[in-house]
Amino acid sequence: GRPGGRGGPPRGRGGRHGSVVPYGRRQQQQPSAFTRGLAALRDRVPDVETVKNAAVSSVNAARETTTKLSSNVYREIKGLTSSELEQVMLKATKPNDEPVKGKHVERLVGVTYQISGRYDIYDAVLRKLWNKMAERDWRTTIKSLYILHRFAADGAPDHQAALKARLRELRRTRDPKRKGDKFFNSKTLTPADNAAPEVRPFAEFLSRYAHYVLLRAQCFGGVFNEISQESAGSGGPSSSRSSRSSSKAAAKPITATALRTEHLEAAQMILKAGCACALKDGEVCESTAMCVERVVSDLIGLTTATAVALNRALKGGKDSKGADPAIVKKWCQFYSEELLPQTKALMKRTTPELDAYGMFLPSRMGASVSGELLQKGLQGGDEGDKSPIEEEKDGETEEESKEDTPADDKEEEAAAEDDALEDEDDYDAYDEYSYDEYYDNEEA
């Protein structure tokens with residue numbers, strides 16, 4: 001017996017008297033749905049290092065896969081075009097009196113747009129062309145030269161440097177199939193059987209045209225992009241893609257890039273060789289007319305490219321800072337005294353011959369340099385005057401350049417140049433390799 005009888009208070013679990021046993025466990029407050037969502041997101045977001053490693057791994061895998069695909073595509077295209085190229089070239093260079101068909105030229109040149117510029121396609125192309133050029137029939141030779149001309153002028157920009165470099169290399173390499181003569185030797189391009197009276201005039205044109213094509217293909221690509229395009233870092237479209245790595249290029253003035261002395265000397269040789277391609281008596285046929293049409297188009301392009309670069313230099317563009325005024329003066333003299341008048345004279349002389357075969361030249365030269373800018377350049381360029389044309393006159397100068405029509409204003413000068421072209425009949429052969437030294441390290 002405990003005092004109080006049986007009805008005393010029960011003992012708790014702890015053995016202490018008077019404690020109350022809870023009916024159930026106390027429930028903890030559950031987090032809200034928003035809090036649970038944030039926690040779930042935090043658990044699922046990987047750390048920065050994991051993301052970085054995964055990204056690098058994915059990029060490397062994608063690059064490796066792309067490289068393999070590109071290599072496979074290149075091998076497939078190369079295998080396909082190797083035989084197809086041979087067939088198209090055979091059709092394009094048939095020894096007949098018909099000119100090269102446009103569809104064949106487009107197919108051949110189109111290969112340069114199908115394959116990335118990372119791959120050298122011109123070694124095989126040039127060797128095939130050389131084999132056709134070295135054949136005995138002058139018609140096959142001139143058609144092969146015309147195709148090389150079109151590769152140089154119309155080939156994909158990504159392959160232009162490769163064409164120039166590969167052609168220079170081959171011209172220094174001996175061809176074991178032809179008694180050790182070098183590839184693209186001009187002497188080989190004049191077959192011995194061309195001494196026949198009915199063929200001799202065409203052989204003479206072939207010699208002049210061969211020199212022009214080989215010179216043009218080794219010195220300039222496209223529509224003389226080396227002269228017309230702005231250098232990297234000068235603010236033009238070509239600099240946007242390489243802005244991160246063009247700090248050194250941005251400091252180069254235009255006379256060290258587009259208007260450099262080597263380009264001037266090469267342009268002078270191009271002009272001389274191009275004017276020498278004017279057709280003489282007995283040399284006119286559809287194939288030779290087609291070749292001359294491309295030569296005149298080239299000289300128009302050279303004139304336009306030079307005008308574009310001179311406008312940029314004389315109007316105080318970004319790459320005109322630090323330009324050598326003496327070099328700019330030489331370019332202005334070349335443009336105003338030689339390039340522009342001789343090109344117009346050649347256009348005037350060849351237009352009737354080309355019209356007979358349905359070939360038409362543009363009636364205008366394209367971009368031009370105003371007389372005011374030319375005078376400033378011919379004066380040697382005042383280096384202290386950082387803005388040759390004041391800003392408020394920039395708009396007027398551009399309109400003058402567009403409205404300036406040298407072909408109309410200098411008609412008498414163009415007529416006078418006809419006499420100069422007549423003097424080109426005494427064509428003197430150029431040294432085949434005289435211009436190589438200027439461009440051997442161009443890609444370096």
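The expected span of a helix is 1.5 Å times one less than its number of residues. Keep that rule handy for these exercises on a predicted model.

**Exercise 1. Do the ends of helix 7 agree or disagree with the span its 20 residues should have?**

Step 1: Helix 7 runs over residues 200–219, and at 1.5 Å a residue it should span 28 Å.
Step 2: Its end C-alpha atoms are 29 Å apart, so the two agree.
Step 3: While you're there, look at how covered helix 7 is: 16 of its 20 residues are buried.

**Exercise 2. At what angle do helix 7 and helix 11 pack, and which residues make the contact?**

Step 1: Start with the general idea: two packed helices are described by the angle between their axes and the distance between the axes.
Step 2: Here the angle is about 155° and the axes lie 9 Å apart.
Step 3: Angles over 145 degrees count as roughly antiparallel, so helix 7 is roughly antiparallel to helix 11.
Step 4: On the helix 7 side, the contact comes from H211, Y212, L215, R216 and C219. Helix 11 brings A266, M269, I270, A273 and G274.
Step 5: As for handedness, helix 7 passes helix 11 in a left-handed crossing.
Step 6: Now check burial in helix 11: its buried residues include A266, M269, I270, A273 and G274.

**Exercise 3. How many disulfides are there, and where does C277 stand?**

Step 1: Recall that a disulfide is a covalent bond between the sulfur atoms of two cysteines.
Step 2: Take C277: the nearest cysteine sulfur belongs to C291 and sits 8.6 Å away, and C277 is in no disulfide.
Step 3: Buried means under 20% relative accessible area. C277 has 1% relative accessibility, so it counts as buried. C332, at 0%, counts as buried too.

**Exercise 4. Is T140 buried or exposed, and what does it touch?**

Step 1: Find T140 in helix 5, which spans residues 138–154.
Step 2: Its relative accessibility is 0%, so T140 counts as buried.
Step 3: Leaving out residues up to four places away in sequence, T140 touches T93, K94, P95, K132 and E135.

Note on methods
Residues numbered from 1 in each chain as written. Predicted model: local features only at pLDDT ≥ 70, side-chain atom pairs only at ≥ 80, totals over all residues. Heavy atoms only, no water. Disulfide = S-S within 2.5 Å. Buried < 20%, exposed > 50% of the residue type's maximum accessible area, 1.4 Å probe, protein only. Helix = DSSP H or I, 4+ residues; strand = E, 2+ residues; numbered from the N terminus. Axes fitted to C-alpha atoms, helices over the stretch in contact; angles between N-to-C directions. Parallel < 35°, antiparallel > 145°, perpendicular 65-115°, else oblique. Left-handed = near helix turned anticlockwise from the far one by under 90°. Contact = heavy atoms within 4.5 Å.
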